[in-house]
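User: Please take me through the labels attached to this model, and for each one tell me how it was reached.

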There are 2 protein chains.
Amino acid sequence: MPDLMPVLARADQNLPSSLDKLFELLRIKSISTDPAYKDDCRKAAEWLVDYLRDIGFDASVRTTPGHPMVVAHHDGAAPSAPHVLFYGHYDVQPVDPIELWDNDPFEPSVQEAAGGRKILTGRGTADDKGQLMTFVEACRAYKDINGALPVRVTILFEGEEESGSPSLKPFLEANAAELKADYALVCDTSMWDRDTPAIAAALRGLVGEEVVVTAADRDLHSGLFGGAAANPIHILTRILAGLHDDTGRITLDGFYNGVEETPANIKASWETLGLTTEGFLGEVGLSVPSGEKGRSVLELTWARPTAEVNGIWGGYTGEGFKTVIAAKASAKISFRLVGTQDPDAIRDSFRAYVRSRLPADCSVEFHPHGGSPAIHLSYDSPVLTKAKTALSDEWPKPAVVIGMGGSIPIVGDFQNMLGMESLLVGFGLSDDRIHSPNEKYELTSYHKGIRSWIRIMEALAA
Amino acid sequence: MPDLMPVLARADQNLPSSLDKLFELLRIKSISTDPAYKDDCRKAAEWLVDYLRDIGFDASVRTTPGHPMVVAHHDGAAPSAPHVLFYGHYDVQPVDPIELWDNDPFEPSVQEAAGGRKILTGRGTADDKGQLMTFVEACRAYKDINGALPVRVTILFEGEEESGSPSLKPFLEANAAELKADYALVCDTSMWDRDTPAIAAALRGLVGEEVVVTAADRDLHSGLFGGAAANPIHILTRILAGLHDDTGRITLDGFYNGVEETPANIKASWETLGLTTEGFLGEVGLSVPSGEKGRSVLELTWARPTAEVNGIWGGYTGEGFKTVIAAKASAKISFRLVGTQDPDAIRDSFRAYVRSRLPADCSVEFHPHGGSPAIHLSYDSPVLTKAKTALSDEWPKPAVVIGMGGSIPIVGDFQNMLGMESLLVGFGLSDDRIHSPNEKYELTSYHKGIRSWIRIMEALAA
């Protein structure tokens with residue numbers, strides 16, 4: 001590999017400007033889920049196109065009914081070289097509760113952390129702007145040294161990943177010929193730990209659902225009506241409390257259809273990772289596993305389905321007290337799926353369950369927020385093997401192949417719509433606080449992430 | 001009763017200016033529960049003092065650690081005349097959700113309603129500014145004609161009734177000699193129906209409690225932690241759902257201590273009132289009684305205790321979706337009490353129940369929001385009998401003696417601290433939407449309310 005060392009050295013030299021560019025992108029408030037930030041999302045897409053053009057990509061902003069896509073091509077590699085589609089997302093999560101941030105979420109900074117580590121702070125550092133920029137900066141270092149990339153590269157950056165990706169499927173469908181590659185590289189996942197890179201080969205699916213229960217046609221005084229009039233908060237809490245039985249299993253009809261027990265050899269390989277309940281939950285101040293009884297935390301988060309209430313609200317929630325019986329109560333609920341669980345069937349089962357528990361004089365509305373099945377990738381493809389070696393060369397410990405509790409619906413779409421498997425490599429850590437206040441990304445993740453992609457591209461070309 | 005007719009006629013002549021004065025008071029945003037309106041509360045107290053002085057009262061604003069009291073005396077009556085303490089409250093409920101109001105809640109107006117009725121719109125029209133002004137305007141009409149009142153009158157207006165009255169007991173204690181009268185007149189209740197005045201002789205007590213459940217030490221990503229980490233919304237919904245059993249009874253240990261079955265003769269008298277479940281619930285778009293099975297809606301709202309969740313919140317409640325497991329979830333809960341239920345014992349039992357259902361790695365905080373026992377007044381005192389006749393003379397149908405689902409803790413305080421019974425007369429209607437958007441008060445309630453107090457004062461003096 002004669003070309004590799006100068007490219008890696010160049011990535012090291014580039015690091016200060018790589019940080020400057022990342023910070024420019026982080027300052028753009030591209031919160032996709034909140035319509036107030038629509039223009040910021042477009043601004044982030046335009047910034048990426050401008051920068052990719054600077055590096056030599058043929059890049060463009062592609063309008064959708066929602067936030068725009070960024071598509072870029074680089075044709076410098078040999079026609080016989082493999083063709084990869086790199087995917088990332090430039091949109092970020094909302095920042096509330098804003099008062100819990102130590103620093104402005106949109107004014108990124110480099111901070112000193114425990115043990116002399118350097119961390120990059122701000123919304124999107126880890127999810128996913130910092131991660132997608134590892135690949136962009138890998139390409140820049142390559143171009144700087146060799147004038148070309150070792151593989152043919154198409155880039156797809158999405159701006160709706162945090163809001164259910166409504167425009168993604170139509171876009172893939174309309175642009176299938178342009179986007180189809182030999183396989184996809186997806187950078188939106190985590191390392192196993194600080195020293196151990198990881199490739200994710202199983203991802204849970206996701207069903208998002210909002211439910212609004214309406215009782216009386218107005219808010220009522222609890223003195224005048226309490227004890228006689230239906231309280232929608234009571235109804236909703238009974239519905240939500242009934243989603244799990246005493247053993248932590250989910251009670252919806254047919255919910256476990258398609259859920260297989262994890263094979264013993266896979267469970268055994270997870271046990272070698274040395275993760276304990278104390279270690280996993282202790283990091284966030286907890287100690288008691290909350291889900292199905294008798295299963296390890298790895299099994300619970302990688303291989304078992306869940307039902308989680310992500311938000312609930314109703315009645316008077318301000319200062320002081322108000323003796324009101326609300327007219328409405330609402331919740332946002334998500335289901336994580338595994339195996340071959342069917343998102344549509346689970347949504348239907350949930351709605352039937354809610355309706356069956358509703359008093360005759362109350363009504364319910366449902367608002368869907370996306371759905372995608374679980375993903376399973378092959379553990380022994382040549383691409384995965386090459387990437388594993390490349391990552392093991394860069395990091396202190398050898399790479400491991402893991403499952404993931406999160407959902408990356410794009411991987412299923414690539415599989416189903418473009419007939420393309422994905423390689424999921426990311427450099428996040430479990431304490432990055434993605435989706436929470438004080439999101440951060442290790443400077444090491446950024447720096448060695450860039451170097452990792454250089455090694456992976458080289459390995460794929462070999 | 002030589003003096004009565006000219007005074008009633010004067011009240012009729014005064015009505016336009018009585019409305020003007022009421023509207024001045026209604027425009028003051030005296031929301032006691034929200035610290036942002038502290039100055040407005042004081043402004044309302046000052047406005048009342050100024051006006052009472054105009055009428056000839058010796059009135060003053062009395063500072064407390066919370067919102068001020070208004071105390072006023074009128075000494076024109078014969079020393080042998082009975083001495084009454086009139087109580088009302090000048091503070092009002094918050095106005096959210098503001099978008100559901102048809103008119104500005106603090107810009108009162110007279111509107112035409114169904115059947116050519118006139119209604120007064122705005123926050124506080126019925127609860128309690130419009131009601132307390134019926135008494136003030138009755139006094140004004142009396143003074144205009146006779147130069148004096150037929151009874152000795154002390155007035156006490158409170159500014160914290162909607163926020164648990166924290167300053168009231170210390171104030172009564174410190175000013176007992178000044179405030180003690182033969183009995184209290186309280187105007188904060190409703191008519192039986194549009195044509196039928198009512199005197200309330202039983203009031204439910206109230207315990208208010210806020211509960212905050214904390215699980216992890218930060219918000220978590222439901223993909224990374226879902227299925228393994230405790231979700232405080234789940235814990236809270238299970239706790240709240242478990243407050244009632246399948247028959248609608250409340251499950252707290254010892255909750256029904258002190259709750260007696262309603263005597264058959266009282267139940268029989270309620271049945272003559274002709275209230276149906278369909279009529280009561282149908283008015284607010286409901287049809288199924290929600291509380292204990294096998295009891296009438298009157299029994300449920302007048303004679304049975306309740307547990308109601310008045311507000312709940314946790315996790316992501318904004319636009320779109322956020323796959324978060326919240327660190328905290330909160331609820332505001334109130335219990336309505338009857339018989340001799342002990343507010344402190346019920347608060348303790350609730351807290352013990354919550355703690356018993358909390359996983360070992362979660363914690364809970366409680367914030368009390370007031371507590372008062374239920375009140376039972378005698379159904380056959382001479383004062384009540386006189387008032388009943390006076391009301392029956394004014395309204396199309398004879399007055400009835402009823403129970404009330406709401407709580408007016410002051411009545412218990414008058415009883416316990418000043419050894420004084422209360423006469424509860426009010427002119428609200430069940431569709432006044434107190435505590436809700438579009439609160440209103442019938443013009444008839446205001447006008448005939450003023451005339452009713454003239455008749456009652458005259459009857460008490462006789």
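Analyst: Contact means heavy atoms within 4.5 Å, and by that criterion A:Leu224 touches B:Phe280, B:Thr301 and B:Ile434, with residues up to four places away in sequence not counted. This is a predicted model, in which local features need pLDDT of at least 70 and side-chain atom pairs count only at pLDDT 80 or more, while totals for chains, interfaces and linings use all residues. Residues are numbered from 1 along each chain as its sequence is written, chains are lettered from A and ligands numbered from 1 in the order in which they are written, and side-chain values use heavy atoms, with hydrogens and water left out.

User: Why is A:Leu224 called partly exposed, and which element holds A:Leu224?

Analyst: A residue is buried under 20% relative accessible area, exposed over 50% and partly exposed in between, with a 1.4 Å probe and protein chains only; the value for A:Leu224 is 22%, so the residue counts as partly exposed. A:Leu224 lies in helix H6 (residues 222-225) of chain A, where helices (H or I, at least four residues) and strands (E, at least two) are DSSP runs numbered from the N terminus. The C-alpha atom of A:Leu224 is separated by 48 Å from that of A:Pro373, 149 residues apart along the chain.

User: What makes B:Ser372 buried, and what is B:Ser372 in contact with?

Analyst: B:Ser372 has a relative accessible area of 6% and is therefore buried. B:Ser372 belongs to strand S14 (residues 363-372) of chain B and, leaving aside neighbours within four places in sequence, is in contact with B:Gly205, B:Leu206, B:Leu337, B:Pro343 and B:Pro409.

User: How many aromatic pairs does a search of the whole structure find, and why is the pair of B:Phe255 and B:Phe335 called tilted?

Analyst: Rings of Phe, Tyr and Trp (its six-membered ring) pair if their centres lie within 6.5 Å, and planes under 30 degrees apart count as stacked, over 60 as edge-to-face and the rest as tilted. The search finds 30 aromatic pairs over all chains. One of them is A:Trp47 with A:Tyr51, a tilted pair at 5.4 Å centre to centre with 35 degrees between the planes; both residues lie in helix H2 (residues 38-55) of chain A, 4 residues apart, about one turn of the helix, and both are buried. For B:Phe255 and B:Phe335, the centres are 6.0 Å apart and the planes stand at 55 degrees, so this pair is tilted. The pair links distant parts of the chain, 80 residues apart, with B:Phe255 in the loop between helix H7 (232-241) and helix H8 (264-271) of chain B and B:Phe335 in strand S13 (residues 328-337) of chain B. B:Phe255, at a relative accessible area of 1%, is buried, and B:Phe335, at 0%, counts as buried.

User: How do you know that the charged end of A:Lys448 sits over the ring of A:Trp395?

Analyst: The test asks that NZ of Lys or CZ of Arg be within 6 Å of the ring centre and within 35 degrees of the ring normal. The charged end of A:Lys448 sits over the ring of A:Trp395 at 5.5 Å from its centre, and in chain B, B:Lys448 lies over the face of B:Trp395, at 5.5 Å from the ring centre. A:Trp395 also belongs to a cluster linked by ring pairs, together with A:Phe86, A:Phe135, A:Phe157, A:Phe427 and A:Trp453.

User: Which peptide bond ends at B:Pro97, and is it cis or trans?

Analyst: The peptide bond from B:Asp96 to B:Pro97 is cis, with omega near 0 degrees, and B:Pro97 lies in the loop between strand S3 (83-89) and strand S4 (109-112) of chain B. The bond from B:Asp127 to B:Asp128 is cis as well, with omega near 10 degrees.
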